[in-house]
Amino acid sequence: MTVDWKKQAQDYKADYLKDLKELISINSVRDDEHKTDEYPLGEGPTKAMLKFLSFGERDGFTTKNIDNIVGYIEYGSGDQTMAMQAHADVMPAGDGWETDPFEMVEKDGNVFGRGTSDDKGPALAAYYGLKMLKDNGVTPNMKIRLIIGTDEESDWTGMKHYFEVEPEPTFGFSPDAEFPLINGEKGNVTYVTTFGHSNGSNYTLRKFDSGLRPNMVPGNADALVEASDNEKFVDAFTAFLDHNPVAGDVKATGNGIALHITGKAAHAMEPKNGVNAGTYMAKFLNEFPFEGAAKDFIAYLAEDLHDDSRATKIGADHVDDVMGDVTMNVGIMKFDTHNGGSVNTNFRYPKGTDDKEILGHLQKAAGKHDGEVKQINNMGPHYVDPSDPIVSTLMHVYQEQTGDTKSKPEVVGGGTYARLMNRGVAFGALFPNAKDTMHQANEFQPIEDLIKAMAIYGQSIYELTAK
């Protein structure tokens with residue numbers, strides 16, 4: 001069978017953008033504060049997943065909603081299953097947007113909005129790739145499932161539940177990363193370090209707040225401080241802003257001096273792409289003689305964690321020839337006079353080290369400041385050999401569609417649902433040299449890149465399941 005995949009993708013363009021606009025309009029940030037029996041992860045993630053399923057029902061596919069936290073769209077039959085694992089949830093919008101993050105805006109050939117790049121835009125492109133097969137009357141030789149999770153940006157509750165109640169797919173890919181293909185993902189582990197709440201008298205840290213998620217470099221930080229010399233403190237902060245790659249402001253309040261720092265948010269898989277506002281705030285505060293647990297909290301951030309994405313200061317650095325190096329992101333930092341302090345660190349690690357070894361280094365560093373470290377979660381490294389047919393087939397399609405024969409499969413620090421499958425890889429939809437705005441303000445994706453991805457997905461599904 002011959003299909004002009006690129007032409008058909010262009011024919012779907014208007015319908016695709018209409019559907020994507022509906023998806024972007026749903027604020028699908030996980031919302032545990034308002035969870036209910038009907039919406040276990042909050043209303044938004046479930047509604048976005050159901051919107052995906054409604055497209056499948058509209059177009060004549062079989063669909064299934066599993067307990068309002070994961071669902072799938074199915075085509076074909078057989079003993080084997082090829083899966084495309086995507087997610088309908090998004091990161092919190094954060095500050096700095098020039099448009100409404102939950103209203104898709106087309107501008108200069110791009111679509112802006114939370115989820116256009118991660119992962120509603122690529123997931124919908126994969127759906128339309130599946131639709132190509134059905135619309136062309138192609139009968140696959142196995143089941144194909146587009147599985148939609150609802151909390152990939154947190155702890156994967158939905159997709160993990162899918163694997164508890166459904167058989168593991170035979171193989172598949174996740175349209176939630178970049179092209180040409182990701183066949184290896186580093187281990188992913190998160191820790192929280194806690195501190196007491198004691199303070200000093202000349203300098204008192206009333207509040208410190210930075211970060212939204214472990215897998216996001218914090219773009220903003222706020223602190224409330226009582227200082228013995230307000231003028232000296234404010235002058236020092238102004239000078240600090242002048243000599244560091246952050247912006248900010250300071251003002252006096254009835255409860256003390258309020259400080260704000262603006263850095264740059266980024267995905268935690270490469271913290272170097274961001275500017276961590278929280279650790280910069282700690283770096284400034286560490287210039288002053290705070291006492292007690294407040295001092296410990298500040299010093300831990302400023303002396304052991306600040307500006308050290310490879311974790312060399314704490315001795316957790318490690319490099320693997322295939323999978324690369326350890327990376328560390330300081331994702332959430334909080335302190336107040338009642339609850340004390342907490343620091344959330346997220347590590348991406350290759351083969352040759354593990355979560356227990358990293359924990360030991362972190363405990364040693366935190367112990368100098370009377371901090372206690374607890375591991376929250378962990379997923380080990382994932383790797384699919386380049387000789388596996390899932391890798392070779394997808395690479396062939398990518399090269400045929402794009403003419404790019406130089407790009408090679410790669411290992412990344414990001415984590416996708418693909419690692420839940422023994423033969424799972426991540427495949428698109430960010431093209432080489434395209435700007436990565438995942439987890440950032442003003443998230444966008446070029447429209448033609450999404451349509452190009454749709455054509456690649458259509459041919460890939462065909463090559464894997466029907467040729």
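In which strand does Ala-429 lie? Ala-429 lies in strand β25, where helices (H or I, at least four residues) and strands (E, at least two) are DSSP runs, numbered from the N terminus. Before I go on, please keep in mind that this is a predicted model, in which local features need pLDDT of at least 70 and side-chain atom pairs count only at pLDDT 80 or more, while totals for chains, interfaces and linings use all residues. Residues are numbered from 1 along each chain as its sequence is written, and side-chain values use heavy atoms, with hydrogens and water left out.

Let me stay with the backbone for a moment. Most residues other than glycine have a negative phi, and most peptide bonds are trans. Here, however, a cis peptide bond joins Gly-428 and Ala-429, with omega about 15 degrees, and the bond from Phe-179 to Pro-180 is cis as well, with omega near 10 degrees. Pro-180 belongs to the loop between β8 and β9. As for positive phi values, Asn-433 has a phi near 75 degrees and Asn-442 has one near 60 degrees. Asn-433 sits in the loop between β25 and β26 (444-446), and Asn-442 is found in the loop between β25 and β26 too. Are these two residues buried or exposed? Taking buried as under 20% relative accessible area, exposed as over 50% and partly exposed as in between (1.4 Å probe, protein chains only), Asn-433 counts as exposed at 84%, whereas Asn-442 counts as buried at 17%.

Next, the aromatic rings. The structure holds 30 aromatic pairs, meaning rings of Phe, Tyr and Trp (its six-membered ring) whose centres lie within 6.5 Å, with planes under 30 degrees apart counted as stacked, over 60 as edge-to-face and the rest as tilted. One of these pairs is formed by Phe-179 and Phe-427, which is edge-to-face, at 5.0 Å centre to centre and 85 degrees between the planes. This pair links distant parts of the chain, 248 residues apart, with Phe-179 in the loop between β8 (177-178) and β9 (182-185) and Phe-427 in the loop between β24 and β25 (429-430). Both Phe-179 and Phe-427 are buried. Phe-195 and Tyr-300 form a tilted pair, at 5.5 Å centre to centre and 55 degrees between the planes. Since Phe-195 lies in strand β10 (residues 187-195) and Tyr-300 in helix α7, this pair ties together parts that are 105 residues apart in sequence. Phe-195 is buried at 6% relative accessible area, and Tyr-300 is buried at 0%.

That brings me to the sheet, where strands β10 and others come together. An open sheet of eight strands runs in the order β14-β15-β13-β11-β19-β20-β10-β21, with antiparallel pairing; two strands pair if DSSP finds at least two bridges between them. β14 (247-253) and β21 stand at the edges with a single partner strand each, so one side of each is left without a neighbour in the sheet. Within the sheet, nine bridges join β19 (residues 327-336) to β20 (residues 340-349), which run antiparallel, and Met-333 stands opposite Val-343 in β20. Helix α7 packs on the sheet and touches β10, β11, β19 and β20 (contact being heavy atoms within 4.5 Å), and its direction makes about 165 degrees with that of β19. For that angle, axes are lines fitted to C-alpha atoms, for helices over the stretch in contact, and angles run from 0 to 180 degrees between N-to-C directions.

Finally, the charged side chains. How many salt bridges does a search of the whole structure find? It finds 24, a salt bridge being a side-chain nitrogen of Lys or Arg within 4 Å of a carboxyl oxygen of Asp or Glu. One of them joins Lys-368 to Asp-304, with the closest N and O atoms 3.0 Å apart. Lys-368 lies in the loop between α8 (355-367) and β21 (372-379) and Asp-304 in helix α7 (residues 292-305), so the pair ties together parts that are 64 residues apart in sequence. Lys-368 is exposed at 58% relative accessibility, whereas Asp-304 is buried at 3%. Arg-30, Asp-32, Asp-151 and Asp-155, for their part, are linked in a network of salt bridges.
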